[in-house]
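Here's a friendly walk through the aromatic rings of one protein model. Have the sequence and the 3D view ready.

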Amino acid sequence: MSDDREAIYQDFRESVNMAPKELEEWLESDESKSVGDSSEGESTGHQSGRRIVEIKRKRKAELDDEDYSHMKKVNQYVARHLKQPPQKEDKKTSRWRYSLMNWGHDPLKSS
């Protein structure tokens, strides 16, 4: 994985466009909790969001293999879901957007 670390890191910085505090506040919202597979209580996206906050609060030198593994998973999730925007519902209030935001990406934010 070490060969890919810089690419994963850069992709993560682009994929996750929400600041840690912004993401934490989002994860506390009813909208955030309304999406995802929550058969075990907390959805996968919600768990990922909390993990993203931890990663974003670390310095690059502190990141370990588990962090990079999760960052890669986030990059893949965001890229895959950005290709599947809703066709009929309002993007601003869509489950699509809410799910992406749980993974640290607000598709309505300008780059």
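This is a predicted model: local features need pLDDT of at least 70, side-chain atom pairs count only at pLDDT 80 or more; totals for chains, interfaces and linings use all residues.

Numbering runs from 1 along each chain as its sequence is written, and side-chain values use heavy atoms, with hydrogens and water left out.

Rings of Phe, Tyr and Trp (its six-membered ring) pair if their centres lie within 6.5 Å; planes under 30 degrees apart are stacked, over 60 edge-to-face, and the rest tilted. That rule gives two aromatic pairs.

| Pair | Centres apart | Angle of planes | Kind |
|---|---|---|---|
| W26 and Y98 | 5.3 Å | 50° | tilted |
| Y77 and W103 | 4.1 Å | 10° | stacked |

W26 sits in helix α2 (residues 20–27) and Y98 in helix α6 (residues 95–102), so this pair ties together parts 72 residues apart in sequence. Helices here are DSSP runs (H or I, at least four residues), numbered from the N terminus. Both W26 and Y98 are buried, meaning under 20% relative accessible area (1.4 Å probe, protein chains only).

Y77 belongs to helix α5 (residues 65–82) and W103 to the segment after α6, so that pair links parts 26 residues apart in sequence. Y77 is buried at a relative accessible area of 12%, and W103 is buried at 6%.

Back to α2: its buried residues are P20, L23, W26 and L27. Down the axis of α2 they fall within an arc of 125°, so they line one face of the helix; the arc is taken from the directions from the helix axis to the C-beta atoms.

Terms used:
Helices (H or I, at least four residues) and strands (E, at least two) are DSSP runs, numbered from the N terminus. Buried means under 20% relative accessible area, exposed over 50%, partly exposed in between (1.4 Å probe, protein chains only).
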